[in-house]
Amino acid sequence: MCLPNSLLITIHFVLLILFLSINNEPAVSSPTRTEMVAMRDWVKLATDLYIPDGDKDAKYPVILIRSPYERPIDDGIKNLGFVLVYQGTRGRFGSEGRDIIFLDDGWGKTQDGYDTVEWIAKQPWCNGKIGTFGASAPGITQYMMAGSNPPSLTCMSPIFAGGSLYHYLFFESGAYRKEIMDPWLDGCKFDEQTLENIKNNPAYNDYWRQYDLSTRYDKVNFPILHIAGWYDIFTQGNIDAFIGIQKNGGPNAKGKQKLIIGPYSHAAAPEVGEFKFPDSEKYHPIAKSLEWLQYMLQGVDNEAAHLNTVTYYVMGAVGEERAPGNEWRSADSWPIPAKTKSLYLNKNGTLTNSRPDSISAKKTYKFDPDDPVPTVGGRNLVLPAGPYDQRSTESRSDVVLFTTETLDEPLEATGRIKVRLWASSSAKDTDFTAKLTDVYPDGRSMLVCEGIARARYHKSFEKPSFLTKDEVYEFSIDLWSTSIIFNKGHKIRLAISSSNSIRYDVNPNTGNPIFTETKKEIAENTIYFNRKYPSALLLPIPILHQTKEE
C-alpha cells in the first residue's frame with residue numbers, strides 16, 4: 001500500500017463502495033490474467049483483465065479504470081456482464097516507466113489512455129463498447145484521456161476530479177493546495193520529478209496548458225457523466241469540465257453531457273462534516289456511475305437512461321423542521337439562471353444590501369505567517385471535511401467578520417460564489433481568504449464554502465504582479481460553487497483573513513519564489529468597505545423555478 005490507512009480509505013472509497021454495492025459479502029478476486037500492454041513508446045503497463053466466466057468466444061462491453069493505486073477488485077463485478085480492465089499508470093504496481101503522475105495520461109507525446117482504449121478495442125473479448133470509470137486520481141486520468149479523444153471510446157464517468165492539473169489539483173487561485181498535495185505526494189512515493197515539476201512551475205504557463213482540458217474541449221467527442229460534491233476537493237473541476245464540453249465539445253459530446261452534484265465530501269459518505277443531509281444518497285456517485293455505464297454500454301433502461309441534464313442537491317438547514325431545501329432538483333443547464341445579489345461589507349461588521357455610505361471605513365489586521373488561521377472543515381482530503389462550526393477561528397484578531405441581520409425570509413444561493421474585495425498590504429505579496437458561513441439561531445457558524453486570492457496573481461495566474469506598499473487593489477476571491485437555502489431566522493456571515501492552514505500553503509509575505517523561501521514577514525493587511533472601495537459578497541440568486549426531483 002502506498003498510503004497510510006486514513007488516506008487509503010479516502011482514495012479507495014470508490015472501489016470499496018463498488019464492492020459493497022454489488023455483493024453484501026465482497027471477496028477480492030484475482031484477475032483472469034494480467035497483460036503487459038505496450039504504449040506507443042514501448043513502455044508496458046500492467047493491465048489486469050477480469051473476464052466473466054462463460055463462453056470463451058463471447059464478447060462483452062468493457063469498463064476501463066486507469067489508476068496509480070493498487071488493484072483490488074471485487075469478485076461480484078463479473079455478475080454485471082462487463083470485462084473489467086484495471087491498469088496501473090506508469091511506474092505503479094507492476095507498470096514500467098517513471099511514475100510522474102498524469103504526465104503520460106493526456107494528449108502529448110505519450111497518450112497512455114488513448115493507447116489503452118484502442119488496444120482494448122482490438123481484443124477478441126471486446127464487443128466495441130468501452131467506458132471509463134473512477135474517482136479522484138482515476139477520475140483525473142479520464143479527463144486527461146478525454147483530451148486525446150480515443151475513437152473507440154463510448155463514454156466516461158469521472159467522479160470527483162478536475163480537467164486542469166494547475167487549477168484544480170496542485171493549485172487553487174495560485175495558492176499551493178498543501179493539505180491535499182503534501183500527504184498525497186509523500187504517501188504515494190511518486191517519482192521526485194513530480195514535485196520538482198510543481199516547484200518549477202508555480203504560475204500557470206505552457207507546462208500546465210498541456211494538462212488543461214479547457215484547451216481541448218472541442219476534441220472531446222463522447223457523452224460523459226460528471227459527478228461532483230459540494231464539499232469535494234475538486235468541486236469546480238467537474239462543473240467546469242461539464243460546462244466546457246457541453247457548450248464546445250465535438251458532435252457526439254456537445255449537448256450530451258450529464259452532471260450530478262451532491263452534498264458530498266471526497267469520501268462520499270452519508271455524513272459530511274457535522275451534518276447528514278436528508279436523502280443525500282438518492283444519487284450516490286458510485287451507484288449512478290455504474291447505472292450510467294450499464295445504460296451506455298449495455299442499453300439497460302434504468303434511472304441513468306432518464307437523467308436530466310443536471311441533477312443537483314440544494315442544501316438547507318439541517319435539524320430544523322420544515323426547513324426549505326435539502327432536496328434534489330433538476331435543470332436543463334448549468335449554471336442555472338440567476339441574478340447577482342451584492343451583500344456589501346459595511347462598518348460595524350455588518351453585511352447589507354446597501355452600498356457603504358462611509359467615506360473612509362476600513363479594517364487593518366496583522367497577518368503573521370508563523371500563526372496562521374487553522375483550517376476547520378471544508379474541502380479537505382486528510383483533515384475532517386465538510387460543514388464545521390467556525391466559531392473557534394472567528395474570535396481571532398486576524399479574522400474580520402461581516403454578518404447580516406437575521407433573515408426575515410429564506411434566501412437561496414445557487415451557483416458560483418465570489419467576493420469582490422478592495423484591500424492593501426504592507427507586503428509586496430500576501431493572501432486574502434474568505435469563508436461563507438450559515439449562522440444558525442443557536443450561534444453555530446457552519447461553513448458553506450471558502451476560497452483564497454494570492455495577491456501576486458491579482459492580474460493573471462500566468463505572470464506575478466507584486467503589490468506596491470499600501471496601494472489599494474481590487475481582488476476577486478473565488479469560493480467555487482454551491483447551492484444552499486439560508487433559512488428564515490439564520491444569518492449569513494463572511495469571514496475575511498489572510499490564511500487557511502494547512503488547506504493552503506502559508507504566504508511568507510516576501511514575494512520571493514514559493515517552496516524555496518525561508519524568510520517570513522508579518523504583513524499589515526487592510527480591507528476597505530466604503531464609498532470608493534465597496535467590497536461585497538456576490539451571491540447568485542436563482543430567477544427561475546427549478547424542478548424538484550420526485
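**Cavities, pockets and the whole chain**

Me: Which element gives the largest share of the lining of the largest cavity?
Reply: H6 does, with three residues. A cavity is a set of points on a 1 Å grid over the protein atoms alone where a 1.4 Å probe fits but cannot get out, and lining residues have an atom within 4 Å of a point.

Me: Where does this model come from, and how is it numbered?
Reply: This is a predicted model, in which local features need pLDDT of at least 70 and side-chain atom pairs count only at pLDDT 80 or more, while totals for chains, interfaces and linings use all residues. Residues are numbered from 1 along each chain as its sequence is written, and side-chain values use heavy atoms, with hydrogens and water left out.

Me: OK, which residues are nearest the centre of that cavity?
Reply: Ser-136, Leu-169, Trp-184, Ile-233 and Phe-234, out of 14 lining residues. Helix H4 (137–146) and H6 each supply at least two residues of the lining.

Me: How many of the lining residues are charged?
Reply: None: the lining has twelve nonpolar and two polar residues. Ala, Val, Leu, Ile, Met, Phe, Trp, Tyr, Cys and Pro count as nonpolar, Asp, Glu, Lys and Arg as charged, and the others, Gly among them, as polar.

Me: What is its volume?
Reply: About 80 Å³, where volume is the space filled by probe spheres set on the points, joined across faces, edges and corners. The structure holds seven cavities of 30 Å³ or more.

Me: And what about the largest pocket, how much space is in it?
Reply: About 370 Å³. Its lining has 13 residues, and Lys-178, Asp-505, Val-506, Phe-515 and Glu-517 are the closest to its centre. A pocket is an open set with protein on both sides within 12 Å along at least five of seven lines.

Me: What does the second largest pocket have in its lining?
Reply: Seven nonpolar, five polar and five charged residues. Of its 17 lining residues, Ser-173, Ile-452, Phe-461, Ser-476 and Asp-478 lie nearest the centre.

Me: Switching to the whole chain, how many helices and strands?
Reply: Eleven helices and 27 strands. These are DSSP runs numbered from the N terminus, helices being H or I with at least four residues and strands E with at least two.

Me: What does the C-alpha trace span?
Reply: About 80 × 55 × 40 Å along the principal axes.
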